[in-house]
Amino acid sequence: MCKLEQSEGKKVGGREWIMGLKSLGLSGEKSKNSMSSRSKMKLWMIRATTTILLWTCVVQLMTLEEMWGPRALKGWPSCFMASDSALDVKLSSIPVQVANPPKRVYKNNGYLMVSCNGGLNQMRAAICDMVAIARYLNVTLVVPELDKTSFWADPSEFQDIFDLNHFITSLRGEVRILKQLPPRLKRRVERGVVYSMPPISWSDISYYHKQILPLIQKYKIVHLNKTDARLANNGLPSEIQKLRCRVNFSALRFTPQIEELGRRVIRILRQNGPFLVLHLRYEMDMLAFSGCTQGCNEEEVEELTRMRYAYPWWKEKVINSDLKRKDGFCPLTPEETAITLKALDIDSNIQIYIAAGEIYGGARRMESMAAAFPNLVRKETLLGPSDLGFFQNHSSQMAALDYLVSLESDIFVPTYDGNMAKVVEGHRRYLGFKKTILLDRKLIVDLVDQYNSGSLSWDEFSSSVKEAHESRMGNPTRRVVIPDRPKEEDYFYANPEECLQQPDDPLSII
């Protein structure tokens with residue numbers, strides 16, 4: 001990195017200085033004086049060159065520190081050593097490099113600050129919505145603040161998860177984005193002089209033009225303190241829908257460190273053949289929130305109930321787990337998932353990457369899954385402690401790694417239709433309708449109960465599961481639109497059909 005180029009000769013005082021004074025035939029006092037003078041000159045040149053060399057190294061190391069921060073000291077791959085992740089794995093999520101568009105010139109109506117809430121993928125969708133809103137209100141967007149107070153308590157900032165500079169420059173043709181407010185306005189916010197509010201959920205763009213824009217023009221800054229599901233799924237102009245896609249599929253690129261680690265995991269998996277990613281949403285927070293306790297013992301049921309009451313913003317407290325399960329509102333258990341995958345004729349030897357946190361109940365609840373599919377792996381089993389050390393207590397960065405692996409898998413199977421399941425489903429559609437098995441939980445639990453009771457034979461059970469899922473493999477479909485009931489509509493980010501290259505429309509692009 002720091003290299004000193006040496007030439008065969010130097011010009012000093014208009015004469016050529018050539019190494020090897022004896023060859024000049026000089027002798028006597030004149031020769032000694034000349035030799036002494038040239039020795040001093042040589043010493044001075046060496047010192048000067050060494051100083052320049054050291055300063056060059058310092059400057060480049062400072063540049064590296066800005067790029068990598070303290071992670072460079074915690075085991076991250078750096079320019080000093082070749083990474084074993086091998087660049088032979090190309091992430092589908094990284095778009096082809098194109099020149100950044102020119103900055104958009106418009107009259108700035110004010111500044112929009114936003115605080116995202118929820119987990120990684122809930123925040124990801126919200127960021128896309130807020131960019132679209134800022135674009136069509138002609139306001140400057142301040143880089144979104146991520147949720148640090150939710151159940152996961154992740155302290156990560158935007159730039160810890162996403163490539164901040166790419167985010168700003170790739171959208172410069174659409175909206176002006178600042179890392180922070182101008183000093184005068186920043187001081188106002190620090191004093192608490194800012195208009196803050198949660199926008200109404202599932203609103204179309206006219207709500208923001210009529211209600212939010214006048215507030216921004218009046219107060220100069222408006223802070224939207226909740227951003228999940230604040231923009232409608234349907235009934236929006238096509239250009240707004242396509243902008244949401246551009247943000248999601250192009251501008252929101254993960255940091256180089258996360259993508260590098262993602263490449264490494266994918267390369268390890270690919271070396272051993274095809275792999276399926278199972279988003280097994282059977283984690284403590286999910287079960288406590290949903291009240292689903294199928295297969296849990298009495299102590300676990302009590303623990304989950306205490307946790308549900310401990311979070312006041314989880315409004316539903318008294319829950320009938322059996323009824324909720326039969327209605328299809330519970331994540332499938334590991335046992336239900338294993339038997340369903342077998343019924344779908346998933347190869348028992350395929351690698352199954354578990355994209356999830358700690359499974360509630362531990363090894364006891366995973367016994368049937370491990371018996372049916374012995375090649376279960378997790379990021380913790382594929383990578384060493386030093387690789388994941390920085391990710392500890394940073395759940396959103398862990399989720400980002402799982403997101404990348406999920407996009408590249410041969411098959412993606414979510415056991416619950418949460419935010420990650422939906423956003424990954426939509427991204428895989430965008431990448432060419434990659435196989436995503438969308439499990440019909442209501443039907444599955446009914447069939448499982450019939451099979452366990454002996455009402456169905458294995459062949460009948462397997463045949464019913466296969467038939468029910470023939471059209472639930474991530475193939476092209478239309479989003480369901482339910483007028484006046486936006487919460488019950490299909491989610492835009494699970495099926496952004498305005499942005500997809502449909503089989504009967506090969507020329508359609510974003």
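Modeller: Before we start, a word on terms: a residue is buried under 20% relative accessible area, exposed over 50% and partly exposed in between, using a 1.4 Å probe and protein chains only. Helices (H or I, at least four residues) and strands (E, at least two) are DSSP runs, numbered from the N terminus. This is a predicted model, where local features need pLDDT of at least 70 and side-chain atom pairs count only at pLDDT 80 or more, while totals for chains, interfaces and linings use all residues. Residues are numbered from 1 along each chain as its sequence is written, and side-chain values use heavy atoms, with hydrogens and water left out.

Colleague: Fine. How many helices and strands are in the protein?

Modeller: The protein has 19 helices and 11 strands. Of its 510 residues, 48% count as buried.

Colleague: And α8, how many of its residues are buried?

Modeller: In α8, 13 of the 16 residues are buried, which makes the helix mostly covered.

Colleague: What follows α8?

Modeller: Gly 273, with a positive phi near 105°.

Colleague: Switching to α7. What does its buried side pack against?

Modeller: The buried residues of α7 pack against α2 (120-137), α4 (164-170), α6 (205-219) and α17 (419-430). Contact here means heavy atoms within 4.5 Å. Among the buried residues of α7 are Ile 240, Leu 243, Val 247 and Phe 249.

Colleague: Phe 249, buried or exposed?

Modeller: Buried, because its relative accessible area is 5%. The C-alpha atom of Phe 249 is 8.2 Å from that of Tyr 430, although the two residues are 181 apart along the chain.

Colleague: What about contacts across the whole chain, what share join residues at least 24 apart?

Modeller: It is 77%, counted among contacts between residues at least 6 apart in sequence.

Colleague: Now α12 and α18. At what angle do they cross?

Modeller: Roughly 85°, with the axes of α12 (residues 334-343) and α18 (residues 441-453) coming within 11 Å. Axes are lines fitted to C-alpha atoms, for helices over the stretch in contact, and angles run from 0 to 180 degrees between N-to-C directions. The two helices are therefore roughly perpendicular. Angles of 65 to 115 degrees count as that, under 35 as roughly parallel, over 145 as roughly antiparallel and the rest as oblique.

Colleague: Which residues make the contact?

Modeller: Glu 336, Ile 339 and Thr 340 from α12, and Ile 444, Val 445, Val 448 and Tyr 451 from α18.

Colleague: How does α18 pack with α19?

Modeller: At about 175° to α19 (residues 458-468), with the axes 10 Å apart. So α18 is roughly antiparallel to α19. Residues in the contact include Leu 447 and Tyr 451 of α18 and Trp 458 and Phe 461 of α19.

Colleague: Last topic. What is the phi of Phe 433?

Modeller: Positive, about 55°, although Phe 433 is not a glycine. Most residues other than glycine have a negative phi. Phe 433 lies in the loop between α17 and α18, and counts as buried because its relative accessibility is 18%.

Colleague: And Asp 484, buried or exposed?

Modeller: Exposed, since its relative accessible area is 78%. Asp 484 sits in the segment after α19 and has a positive phi of about 70°.
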